[in-house]
Structure formats: C-alpha cells, structure tokens
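Subject: Structure handover

Hello,

Here is the structure I said I would pass on. Please open it beside this email and follow along.

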Amino acid sequence: MIVHLLRFGFRDETTDEQKAEVLATMRRTASVESVSFSTVGQNLGDASEGLTHAYCVGIEDLAALERYMHDPVHLDGDPRIIPHVAKLAIGPDVSDAPDPTLRAKIMALHEAKLQKYPEWARLMTTVPEVRIL
C-alpha cells in the first residue's frame with residue numbers, strides 16, 4: 001500500500017465557496033477506482049506553516065498509482081484545484097512495501113506525467129510554494 005499525502009493552504013483571494021468546491025473536487029478525485037481509502041479535510045498539523053488542509057489517499061501498488069495519476073477524473077480536477085493553492089507540501093508518502101527503490105519509482109511516474117502532460121506541468125508552476133518531502 002502507498003499512502004500519498006498532500007498538505008496545502010489556499011490563496012488569500014480564494015472564497016469560502018471556492019474552497020468548498022476545491023475540497024469537493026478533491027473528494028471526487030479520491031473516489032476513483034484506483035484509490036483504496038481517502039480523507040480530505042483540515043490539516044491537524046502546525047497551522048502557522050499555512051498548510052491548513054490535507055488530502056490523503058491509499059493506493060494499492062505502483063500499477064494502481066499510475067492509473068490514479070492518469071485517471072480522467074484526476075486530470076480534470078487538477079485545473080479546478082491548483083489555481084486556488086498557495087502552498088503545497090507533497091508527502092512524505094509512506095508504504096508498507098519493502099522495496100528500497102519505491103520512492104525512485106514513484107518519482108519516475110511523476111516525471112513521466114510531467115512529460116506526458118506539459119500543460120499540467122505548467123499549471124503546477126503557478127503554485128507559489130511547493131515542497132516535496
């Protein structure tokens with residue numbers, strides 16, 4: 001199992017209604033077939049970092065992760081979500097798989113997505129602060 005975690009904060013200009021729409025879109029993405037479990041809501045960590053919300057999904061394995069990354073629902077949701085994100089902390093992901101190369105394999109899938117969808121890659125550059133942990 002791969003557990004993927006995003007913590008994020010909204011842009012100041014994002015309204016409460018837009019925040020609700022973003023969270024609903026994230027919940028829709030988290031309900032795709034390749035996701036085993038999920039939660040979307042408040043981040044219970046230190047709010048002074050500006051990371052007020054979180055998105056967490058459990059994904060069975062690398063094959064399911066690849067399906068998740070390219071799922072049309074996921075691809076459709078990102079352009080609705082990303083413009084509202086001011087800060088994004090990706091990870092740290094966790095896994096019960098003993099493969100010591102798993103992080104590298106996950107990063108390779110991410111890089112392949114950036115190459116396949118250059119418009120998505122450009123969209124990600126609009127987030128003012130992104131950290132990959």
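Below are notes on the annotated span, the pocket, and a few residues.

First, a caution: this is a predicted model.

**The annotated span**

UniProt, in an unreviewed entry, places the feature "domain: Stress-response A/B barrel" at residues 2–94. In the model, that span is 35% helix and 33% strand. Its end C-alpha atoms lie 6 Å apart.

**The largest pocket**

The largest pocket holds about 720 Å³ of space. Several elements give two or more residues to its lining. The helices among them are α1 (16–29), α2 (62–70), α3 (72–81), α4 (102–116) and α5 (118–124). The strands are β1 (2–10), β4 (85–90) and β5 (94–95). Helix α4 gives the largest share, six residues.

In total, 33 residues line the pocket. They divide into 23 nonpolar, six polar and four charged. Which residues lie nearest the centre? They are His 4, Leu 6, Ile 90, Asp 93 and His 110.

**A cis peptide bond**

Look at the step from Gly 91 to Pro 92. The peptide bond joining them is cis, with omega about 5 degrees. Most peptide bonds are trans. Pro 92 lies in the loop between β4 and β5.

**The loop between β2 and β3**

Two residues here are worth a look. Both Asn 43 and Asp 46 sit in this loop, which runs between β2 (35–42) and β3 (53–59).

Is Asn 43 buried or exposed? Asn 43 counts as buried, because its relative accessibility is 14% and the cut-off is under 20%. Its side chain reaches the backbone nitrogen of Gly 45 at 3.1 Å. A polar atom of the Asn 43 side chain also lies 2.6 Å from the backbone oxygen of Leu 51. Setting aside residues up to four places away in sequence, Asn 43 touches Arg 7, Leu 51, Thr 52, His 53 and Ala 54.

Asp 46 has 48% relative accessibility, so it counts as partly exposed. Exposed would need over 50%. The side chain of Asp 46 makes a polar contact with the side chain of Ser 48, at 2.7 Å. As for Val 127, it is 81 residues from Asp 46 in sequence and 20 Å away in space, C-alpha to C-alpha.

**Two buried helix residues**

Thr 29 is in helix α1. At 3% relative accessibility, Thr 29 counts as buried. Leaving aside neighbours within four places in sequence, Thr 29 is in contact with Val 35, Tyr 55, Tyr 68, Val 73 and His 74. Take His 74: it is 45 residues from Thr 29 in sequence, and the C-alpha atoms are 5.2 Å apart.

Asp 78 is in helix α3. Its relative accessibility is 10%, so Asp 78 counts as buried too. With neighbours within four places in sequence left aside, Asp 78 is in contact with Pro 83, Lys 113, Trp 120 and Leu 123.

Best wishes

Conventions: Residues are numbered from 1 along each chain as its sequence is written. This is a predicted model: local features need pLDDT of at least 70, side-chain atom pairs count only at pLDDT 80 or more; totals for chains, interfaces and linings use all residues. Side-chain values use heavy atoms; hydrogens and water are left out. Helices (H or I, at least four residues) and strands (E, at least two) are DSSP runs, numbered from the N terminus. Buried means under 20% relative accessible area, exposed over 50%, partly exposed in between (1.4 Å probe, protein chains only). A polar contact is a pair of N or O atoms within 3.5 Å; within protein, one must be able to donate a hydrogen and the other to accept it, and residues adjacent in sequence count only if both atoms are side-chain atoms. On a 1 Å grid over the protein atoms alone, a cavity is a set of points where a 1.4 Å probe fits but cannot get out, and a pocket is an open set with protein on both sides within 12 Å along at least five of seven lines; lining residues have an atom within 4 Å of a point. Grid points are joined across faces, edges and corners, and a volume is the space filled by probe spheres set on the points. Ala, Val, Leu, Ile, Met, Phe, Trp, Tyr, Cys and Pro count as nonpolar, Asp, Glu, Lys and Arg as charged, and the others, Gly among them, as polar. UniProt positions are given in the numbering used here, feature names are shortened, and annotations may be inferred rather than shown by experiment. Contact means heavy atoms within 4.5 Å.
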